[in-house]
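Me: I have a protein model to work through. Could we take it in short questions and answers?

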Amino acid sequence: MPKKRILTGDRPTGKLHIGHYFGSLKKRVELQENPEYDPYILIADVQALTDNFNNPEKVRKNVREVAMDYLSVGIDPNKTTIYIQSMIPEVAELTVFYSNLVTIARLQRNPTVKTEIAQKREIFGESVTYGFLGYPVSQAADITAFEGKLVPVGEDQLPLIEQCREIVRKFNSIYGDVLVEPEAILSGNKRIKGLDGNDKMGKSLGNAIYLSDSEEEINKKVMSAVTDPNRIKKDDKGNPDVCMVYYYHKLFSTEEETKTVCSECKAGERGCVACKKQLAKNISDTLKPIRERRAYYETHPEEVDKILIEGTKKAQATARETMKKVKKAMMLDYFE
Ligand code: TRP
Ligand code: SF4
């Protein structure tokens with residue numbers, strides 16, 4: 001049995017935070033341990049440029065940050081191929097071929113693209129770029145260039161995988177059965193809320209805990225977390241369900257601790273400051289091995305480079321094979 005190729009990736013627009021950890025990284029580390037899988041992870045710098053075209057320094061810098069985040073959470077380069085998207089020219093070529101197989105109306109209807117365009121008014125104003133509107137096409141190229149079969153993603157990415165499947169079916173119906181149709185698998189917790197209670201965690205919102213955060217940074221952030229606003233005095237009875245500290249206890253503390261937090265809070269037997277201190281400690285302890293590995297890679301950038309170079313070389317060879325089949329099917333295999 002050939003191994004099942006798994007394809008995932010991230011846009012390098014910032015360091016990764018615990019939302020990424022619970023949303024996808026943890027699952028990717030688990031999946032790579034299954035010998036039936038052959039996981040590839042792309043650092044999607046070209047996709048990052050679709051909404052950061054005016055900020056190439058940011059993308060450039062974050063390619064290495066994201067690579068270090070992967071390595072520090074335990075993505076093992078001997079099991080997972082990590083590569084840089086822009087170094088695979090076949091992905092750009094496929095994007096051009098696929099752009100004939102998708103209509104502008106269909107892209108405009110893609111719910112993920114729609115939401116993102118609405119969120120990015122300050123970049124695009126009233127009129128979105130061709131590149132951004134078309135990024136689902138390039139994401140379809142990301143997946144199919146490597147014959148990705150399984151794509152572990154968060155819920156927000158499902159419309160992109162659906163669009164990729166449509167492109168694959170269209171391609172195969174016109175040019176012959178060449179492309180592999182991927183399947184999405186949900187990769188973990190739904191979105192993790194920010195410390196401020198916002199549904200989304202992110203840099204621009206200032207409500208995220210990064211995998212690289214120091215103990216002091218974690219303490220400071222947890223201290224600013226939103227708690228039950230109706231609790232003023234220490235012995236006021238609280239409602240943990242509206243408290244972000246409790247929400248995070250459920251992610252980082254043992255089941256027993258979490259139960260105690262809940263009952264003591266409800267009974268008014270627990271101070272919020274002590275509750276936060278306990279949480280900060282648990283988050284710090286959980287992230288400690290990640291932080292330590294990250295510190296190692298920060299002082300050994302040549303090792304990170306080597307991993308990226310090797311992963312990218314391997315990915316280039318894989319994409320070249322797919323491209324041969326695609327060009328043959330499309331009658332573009334001149335002088336072969
Ligand atoms: N769109 C994904 C994100 O924003 C990143 C990505 C690019 C991706 N290409 C991919 C994910 C291919 C899965 C498969 O997080
Ligand atoms: Fe939140 Fe803990 Fe305060 Fe209850 S005691 S409101 S769970 S911080």
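Me: This is a predicted model. How far apart are N and O in the salt bridge between the side chains of aspartate 69 and arginine 294?
Reply: A salt bridge here needs a Lys or Arg nitrogen within 4 Å of an Asp or Glu carboxyl oxygen. The side chains of aspartate 69 and arginine 294 meet that rule. Their N to O distance is 2.6 Å.

Me: How many residues apart in sequence are the parts that this pair ties together?
Reply: Aspartate 69 sits in helix α3. Arginine 294 sits in helix α14, residues 272–298. So the pair links parts whose separation in sequence is 225 residues.

Me: Are aspartate 69 and arginine 294 buried or exposed?
Reply: Buried means under 20% relative accessible area, and exposed means over 50%. Aspartate 69 and arginine 294 both fall in one class: buried.

Me: Which glutamate also meets the side chain of arginine 294 in a salt bridge?
Reply: The N to O distance of this bridge is 2.7 Å. The partner of arginine 294 here is glutamate 65.

Me: Which element gives the most residues to the side of domain 1 that touches domain 2?
Reply: The domain assignment puts 4–193 + 300–329 in domain 1 and 213–295 in domain 2. The contact takes 15 residues from domain 1 and nine residues from domain 2. Across this interface the rule finds two salt bridges. Elements giving two or more residues to the domain 1 side are α1 (18–31) and α3 (56–73). With six residues, the top contributor is α3.

Me: How much area is buried between domain 1 and domain 2?
Reply: Carbon and sulfur atoms give 62% of this area. In domain 1, Ile18, Ser72 and Lys193 lose the most, together 48% of what that side buries. The total between the two domains is about 1100 Å².

Me: In which helix do glutamate 310 and lysine 306 lie?
Reply: These two form a salt bridge, with the closest N and O atoms 3.9 Å apart. They are four residues apart, about one turn of the helix. Both lie in α15.

Me: Why does lysine 306 count as exposed?
Reply: Exposed means over 50% relative accessible area. Glutamate 310, at 48%, counts as partly exposed. Lysine 306 counts as exposed because its relative accessibility is 53%.

Me: How many salt bridges does a search of the whole structure find?
Reply: One of them joins lysine 324 and glutamate 321, at 3.3 Å from N to O. The search of the whole structure gives a total of 26.

Note on methods:
Residues numbered from 1 in each chain as written. Chains lettered and ligands numbered in written order. Predicted model: local features only at pLDDT ≥ 70, side-chain atom pairs only at ≥ 80, totals over all residues. Heavy atoms only, no water. Domains from an automatic or database assignment. Contact = heavy atoms within 4.5 Å. Buried area = accessible area lost by both parts, 1.4 Å probe. Buried < 20%, exposed > 50% of the residue type's maximum accessible area, 1.4 Å probe, protein only.
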